[in-house]
Amino acid sequence: MDKKKTRSFKQKIGIGILVFLLVVGGVVYKLADRYLIEHVEVVVADEAASSDSTSGTAATNATTTTTATTAAQVNATSDDWSYSSDDIQIKIDEVQTGSGSDQITYFVADVVLKNSSSLRSAFADNSFGTNITEVTSEIAASNDALFAINGDYYGFREDGVIIRNGTVYRDDPVRDAMALFEDGTMQTYNEEEISSSELLAQGVTNTLSFGPILIQDGQITSDFSNVKIDTNFGNRLIQNANPRTAIGMIAPNHYVFVVVDGRNEGYSRGMTLTELADLMQDLGATEAYNLDGGGSSTMYFMGRVVNNPQGKNQERGVSDILYIKE
């Protein structure tokens, strides 16, 4: 009798352990499926490979065209911090304020375009979906970008309105967003108040869904004391000093891009959202929007990463970029 009870008890323990392992395994798989495993929904045509159709030879060699060659073709002049052609003017400044533990290092790119089509977006691995990532410099180089910043990391979440280069990829309005238009303007807006069809009718080219809005109609929008972008696993309040990426419009086709380094005491502590909004206003932005920051914050220019990602000169993979191209 005692042996039967012991055997039965061991069987129950074994079944309990098996159930526990199955439950844990299921949870782990669901987390991995949601946040780690790539899910490609749409493969986007490789613009770099198909943009030159003047001859078979040119098309074959398009993917090896360098930024330097492009610059020569348009009679542009450039150095490590600036680029100038008939269509594009880029000037980058590195700025340091404060000292010691309060020092902040950030980079400001003042960009003036002749045509709004020079400002574009690109997905990691030329694919739209979730958990598809490449570092900013790789996405930029594969698209022959002169200049690039990381985007909104749309692939970390499953909602928001994602319109890129005039195509609607996701239409699940939930938050304050930013839109770029064919006339060279930028507008911040509430996704739940303006439909994608209305945006397309107005000539939208790209929307980014992260936030918060920093400046709207020339005014700083709030005190940013309790900002949360979404409810994803691992999401946290983002008001504290952090690395930052932001885009602002000074006038149509005149933009300012800011990347702030952080989490590196003695070099740069990062910025709060309030400090970032103040900076964008000081730079003359009439509209300004916060993009994905932290380890994602990266500025790329003429084949090199300008800032110090993650305080380690180490880029983090992202799902998308905004970039400038001739």
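Which residues do ring pairs link into a cluster?

Reply: Ring pairs tie together Phe123, Phe128, Tyr154 and Tyr169. Before going on, the model is predicted, so local features need pLDDT of at least 70 and side-chain atom pairs count only at pLDDT 80 or more, while totals for chains, interfaces and linings use all residues. Numbering starts from 1 along each chain as its sequence is written, and side-chain values use heavy atoms, with hydrogens and water left out.

Rings of Phe, Tyr and Trp (its six-membered ring) pair if their centres lie within 6.5 Å; planes under 30 degrees apart are stacked, over 60 edge-to-face, and the rest tilted. Searching the whole structure turns up eight aromatic pairs. There's a charge over a ring as well: the charged end of Arg304 sits over Trp81, 4.7 Å from the ring centre. The cut-offs there are NZ of Lys or CZ of Arg within 6 Å of the centre and within 35 degrees of the ring normal.

Now the strands, which are DSSP runs of E with at least two residues, numbered from the N terminus (helices are H or I, at least four); two of them pair if DSSP finds at least two bridges between them. An open, antiparallel sheet of five runs β6-β21-β8-β19-β20. Its edges are β6 (119-123) and β20 (304-305), each with a single partner strand, so one side of each has no neighbour in the sheet. Phe123 from the ring cluster falls in β6, and Arg304, over Trp81, falls in β20.

Further in, three bridges join β8 (residues 147-150) to β19 (residues 299-301), with Ile149 partnered by Met299. Phe147 and Met299 also turn up among the residues with the most contacts inside the largest nonpolar core, which has 40 residues. Such a core is a set of buried Ala, Val, Leu, Ile, Met, Phe, Trp, Tyr and Cys residues joined through side-chain atoms within 4.5 Å; buried means under 20% relative accessible area, exposed over 50%, partly exposed in between (1.4 Å probe, protein chains only). Strand β11 (residues 176-181) gives this core its largest share, five residues.
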